[in-house]
Amino acid sequence: MTQEQQKRSAAQAALAYIEPRLSRKSIVGVGTGSTTNHFIDALATIRHKFDATVASSQASAARLQEHGIAVLDLNAAAEITVYVDGADEVNAARELIKGGGGALTREKIVAASAAEFVCVVDESKVVDVLGKCPLPVEVIPMARGLAARALRSLGGHPAWRENFLTDNGNIILDVHELMIEEPQAMEEAINNIVGVVCNGVFAAQAASVVIVAGASGIRQF
Ligand code: 5RP
């Protein structure tokens, strides 16, 4: 099975997982990325079974609307039943690195607003220690140099994601070569850097469940 097929199969498993949890009043939180795109396409098949969605990016909002699915502003949504999103890395404690697509801040906000966070990944995303992939950090543009120096002092090698602005108008520094042995401590330390809006470690609030699609099928933990 190709990685793309695994992503599609994980997304279909996520749909099967959330469907019994939904009512006609439910709001579904929807993440960003290629795995989530498969989930959006699958969600369209049950659009009569929930009320509306909240999206973590303009790209996901547009895809949902193309399917005729209502997208609400987060502040207009009373309660989000479940949030479904992919990840760049997942460890056994369901802690994540996210933000490969640059939507980490809105993803963390929608995830924090949901009663349950379902993370959907292909097998390649499962790691023992977070940090094999670069850690995205969203930074206010004028603080780029200041934040980069502080990230270096934490042991990382930040690289500016050039020609990219987040939906919030900020830049991304991708921090290479961080072995994140203590995700919660690292998340907090990076949040404390002046000029940092948000970082892609999701540990203070990890996923509630991770659905993994691999060569031997679907598993969840
Ligand atoms: C976007 C994200 C994505 O969930 C993450 O990058 C995984 O993407 P994909 O499903 O395309 O592999 O955090 O900001």
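Is Lys125 buried or exposed, and what is its relative accessible area?

Analyst: Lys125 is buried, with a relative accessible area of 13%. Here, buried means under 20% relative accessible area, exposed means over 50%, and partly exposed lies in between (1.4 Å probe, protein chains only). This is a predicted model: local features need pLDDT of at least 70, side-chain atom pairs count only at pLDDT 80 or more, and totals for chains, interfaces and linings use all residues. Residues are numbered from 1 along each chain as its sequence is written, and side-chain values use heavy atoms, with hydrogens and water left out.

Now the partner. The side chain of Lys125 meets that of Asp122 in a salt bridge, at 3.8 Å from N to O. A salt bridge here is a side-chain nitrogen of Lys or Arg within 4 Å of a carboxyl oxygen of Asp or Glu. Asp122 is buried too, with a relative accessible area of 0%. Strand S6 spans 117–122. Helices (H or I, at least four residues) and strands (E, at least two) are DSSP runs, numbered from the N terminus.

The structure holds nine salt bridges. One of them joins Lys98 to Asp85, with the closest N and O atoms 2.8 Å apart. Lys98 sits in the loop between S5 and H4, and Asp85 in strand S3, so this pair ties together parts that are 13 residues apart in sequence. Both Lys98 and Asp85 are buried.

Asp85, Lys98 and Glu107 are linked in a network of salt bridges. Glu107 is placed in helix H4, residues 104–113. Glu107 is buried, at a relative accessible area of 3%. Beyond residues up to four places away in sequence, Glu107 touches Thr32, Ser56, Tyr83, Asp85, Lys98, Gly99 and Phe202. Contact means heavy atoms within 4.5 Å.

Lys49 and Glu19 meet through their side chains at 2.5 Å, N to O. Lys49 lies in the loop between H2 and strand S2 (52–55), and Glu19 in the loop between H1 and S1, so the pair ties together parts that are 30 residues apart in sequence. Lys49 is partly exposed at 32% relative accessibility. Glu19 is partly exposed at 27%.

Next, the nonpolar packing. A nonpolar core is a set of buried Ala, Val, Leu, Ile, Met, Phe, Trp, Tyr and Cys residues joined through side-chain atoms within 4.5 Å. The largest such core has 28 residues, and Ile18, Val28, Phe39, Leu43, Val84 and Val118 touch the most other members. Strand S6 supplies at least two residues of this core, as do helices H1 (3–18), H2 (34–43) and H3 (58–66) and strands S1 (27–30), S3 (82–85) and S12 (209–214). H1 gives the largest share, seven residues. A second, separate core has 22 residues, among them Ala143, Leu173, Ile180 and Ile190.

Setting aside neighbours within four places in sequence, Ile18 is in contact with Val28, Phe39, Leu43, Val82, Val84 and Val118.

Then the cysteines. The structure holds zero disulfides. A disulfide counts here as a pair of cysteine sulfur atoms within 2.5 Å. The sulfur of Cys133 has its closest cysteine sulfur 12 Å away, in Cys119, too far for a bond. Cys133 is buried, at 18% relative accessible area. For Cys198, the closest cysteine sulfur is in Cys133, at 15 Å, also too far for a bond. Cys198 is buried at 6% relative accessibility.

Last, the surface and the loops. Ile140, Met142 and Val197 make a nonpolar surface patch of about 310 Å². Met142 is placed in the loop between strand S7 (135–139) and helix H5 (144–153). Met142 is exposed, with a relative accessible area of 79%. Arg94 is not a glycine, yet has a positive phi of about 65°. Arg94 sits in the loop between strand S4 (89–90) and strand S5 (96–97). Asn163, another residue other than glycine, has a positive phi near 60°. Asn163 lies in the loop between strand S8 (157–160) and strand S9 (171–176), and is exposed at 83% relative accessibility.

Conventions. Patch = residues over 30% accessible without salt bridge, like charges linked within 9 Å, V, L, I, M, F, W, Y side chains within 5 Å. Areas by Shrake-Rupley, 256 points an atom, 1.4 Å probe, with all protein chains shown as cover.
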